[in-house]
Amino acid sequence: MGLLDGKIVLVNGGSQGVGAAIARAAAREGATVAVTGRRPEPGEALVAELAAGGGTARYVRADLSDAEQARSSVAEVVAAYGRIDCLVNSAGLTSRGTLLDTTPELFDEHIAINLKGPFFAMQAAVADMVARKEPGTIVNIITSSAHGGQPFLAPYVAAKAGLIGLTRNAAHAHRWDRVRINGLNIGWTATEGEDATQRAFHGAGDGWREEAAARLPMGKLGQPDEIADFVVFLLSERSGVVTGSVIDWDQNVLGGLD
């Protein structure tokens, strides 16, 4: 449909999982896409895939837990293409920790990747948009666990709940600049990272996805490509004037009890 024709889109944490799906969907809708990641191999492979499909793509090596690298990821895109139109913050850390066993070091890791990185990437992107006096859009990938979450996700929940507040604050601050900022609270999603997490922390075997899907109302985990299509809609002009919204993308209903 060409929803993002001519747009310059940066997907932080875009080399795998939900981020990679968003990059593919944005390229399919006509965007020039840049993706960041810490490891060059998956990032460069994705860029080659997008280029082979006729898209224009770029890999930016960056560790989003470092504020300067978060800002420089945006700066590199602006230097390469002259501007940034859309930003997606999809990088995330989901390592486990409860209130009682989380160390200061683990807490700081979650804050750095799940909150500080998005903050400073948004800072740099909005600064470019405001300086050019042009509209832009940002989508933050958050989590339905930010409403409270499981006991073993304490530092993750703390950081992601902060990202909800940041999303709304920044959207309010920059609505008169025509910069729209929204968030997506995704639920349990079938990604490479989730597979590694289930195996490392929960002793999951090869059939865990099928077992998990059977316990869910819709009979499947969240799908990255479906999430990606909705993110592209939020980035595009078809989502109209919507800003400051944090939308639950989940099959569990907050407040619903059986």
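The questions below cover the fold, helix packing and aromatic rings.

Tutor: This is a predicted model, where local features need pLDDT of at least 70, side-chain atom pairs count only at pLDDT 80 or more, and totals for chains, interfaces and linings use all residues. Residues are numbered from 1 along each chain as its sequence is written, and side-chain values use heavy atoms, with hydrogens and water left out.

Student: What does the secondary structure of the chain come to?

Tutor: Helices (H or I, at least four residues) and strands (E, at least two) are DSSP runs, numbered from the N terminus. On that basis the chain has eight helices and seven strands.

Student: What is the radius of gyration of the chain?

Tutor: The radius is taken over C-alpha atoms, and the globule rule is 2.2 Å times the number of residues to the power 0.38. For 258 residues the rule gives 18 Å, and the chain is close to that, so it is as compact as a globular protein of that length. The radius of gyration is 18 Å.

Student: At what angle do the axes of α4 and α5 cross?

Tutor: Axes are lines fitted to C-alpha atoms, for helices over the stretch in contact, and angles run from 0 to 180 degrees between N-to-C directions. Helix α4 covers residues 104-132, helix α5 covers residues 154-173, and their axes come within 8 Å. The crossing angle is roughly 15°.

Student: Which orientation class does that make α4 relative to α5?

Tutor: Angles under 35 degrees count as roughly parallel, over 145 as roughly antiparallel, 65 to 115 as roughly perpendicular and the rest as oblique. The α4 and α5 axes cross at roughly 15°. That makes α4 and α5 roughly parallel.

Student: How do the residues of the contact of α4 with α5 divide?

Tutor: Contact means heavy atoms within 4.5 Å. The contact includes Leu106 and Phe107 of α4, and Pro155 and Tyr156 of α5. Ala, Val, Leu, Ile, Met, Phe, Trp, Tyr, Cys and Pro count as nonpolar, Asp, Glu, Lys and Arg as charged, and the others, Gly among them, as polar. The division is 14 nonpolar, three polar and one charged.

Student: How far apart are the axes of α1 and α2?

Tutor: Helix α1 (residues 17-28) and helix α2 (residues 40-52) pack at an angle of about 20°. Among the contact residues are Arg24 of α1 and Glu49 of α2. The axes are 11 Å apart.

Student: Which residues do ring pairs link into a cluster?

Tutor: Rings of Phe, Tyr and Trp (its six-membered ring) pair if their centres lie within 6.5 Å; planes under 30 degrees apart count as stacked, over 60 as edge-to-face and the rest as tilted. The whole structure holds three aromatic pairs. The cluster is Phe230, Phe233 and Trp249.
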